[in-house]
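Open the model in a viewer that can select by residue number. The stops below each name a selection and then say what is found there.

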Amino acid sequence: MAIRLCAVEDLAKGAYTRATFGDKVLAIFRSKDGNYHVVDDICSHENVSLTAHNQPNLEDFVHFTNDYVECPSHGAKFSFADGAPTLPAFEPIRVYEVIIENDEVFVEYEA
Ligand code: FES
């Protein structure tokens, strides 16, 4: 099922936000190249938010590039291509297929 997240212009390049569906939180990143990347907002190392949700003391440590997001807690980097981690995480995170249609951003989402 395709779920609309936002309009392309809603998020500036280099910015991120979150979307909640039930008990799931998605992290939405727009990298500096303008591409969108959507992952589960949860680090596989210690199950904390990658966007420092509920961890405002870590907001300054949320970093991402065109290729990966870095966990603000201990610095594991997760590939936007396939969710593969660097240490100290071992398990990949879920990466969602992003669909841009008519300047709107969607993801394929299965609960
Ligand atoms: S909680 Fe993310 S790297 Fe440790």
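**Starting at the hairpin**

Select Val-98 and Val-107: Val-98 stands opposite Val-107, which belongs to strand S10. Helices (H or I, at least four residues) and strands (E, at least two) are DSSP runs, numbered from the N terminus. This is a predicted model, in which local features need pLDDT of at least 70 and side-chain atom pairs count only at pLDDT 80 or more, while totals for chains, interfaces and linings use all residues. Residues are numbered from 1 along each chain as its sequence is written.

Four bridges join S9 to S10, and the two run antiparallel; two strands count as paired if DSSP finds at least two bridges between them. S9 and S10 form a hairpin with two residues between them, and Asn-102 in the turn has a positive phi of about 50°. Phi of Asp-103 is near 60°, a positive value in a residue other than glycine. Asp-103 is exposed, with 9 other C-beta atoms within 10 Å. The classes used here are buried (20 or more other C-beta atoms within 10 Å of the residue's own), exposed (12 or fewer) and partly exposed (in between), with C-beta atoms placed from the backbone.

**Along S10**

Show the side chains of S10. Val-105 and Val-107 make up its covered face, and Glu-104, Phe-106 and Glu-108 its uncovered one. In a regular strand the side chains alternate between the two faces of the sheet.

**The four-strand sheet**

Select S2, S3, S4 and S8. These four strands form an open sheet in the order S2-S3-S4-S8, with antiparallel pairing. The edge strands are S2 (16–21) and S8, each of which pairs on one side only. Between S4 and S8 there are two bridges, and Val-38 stands opposite Tyr-96 in S8.

**The three-strand sheet**

Select S5, S6 and S7, an open sheet of three strands in the order S5-S6-S7, again with antiparallel pairing. Here the edge strands are S5 and S7, and each pairs on one side only. S6 (residues 68–70) and S7 pair over three bridges, and the bridge partner of Val-69 in S7 is Phe-78.

Keep Val-69 selected. Which residues does Val-69 contact, leaving aside its neighbours within four places in sequence? They are Phe-29, Val-39, Leu-50, Phe-64 and Phe-78, where contact means C-beta atoms, placed from the backbone, within 7 Å. Val-69 is also listed with Ile-28, Val-38, Val-39 and Leu-50 as having the most contacts inside the largest nonpolar core, which has 23 residues. S3 (24–30), S4, S6 and S10 each supply at least two residues of this core. The largest share, four residues, comes from S3. A nonpolar core is a set of buried Ala, Val, Leu, Ile, Met, Phe, Trp, Tyr and Cys residues joined through C-beta atoms within 7 Å.

**Two loop residues**

Go to Ala-52, in the loop between S4 (36–40) and S5 (63–64). Its phi is near 60°, a positive value in a residue other than glycine. Ala-52 is partly exposed, with 18 other C-beta atoms within 10 Å.

Finish at Leu-87 and Pro-88, where the peptide bond is cis, with omega near 10°. Pro-88 lies in the loop between S7 (77–79) and S8 (95–96).

Note on methods
Two residues are in contact if their C-beta atoms, placed from the backbone, lie within 7 Å.
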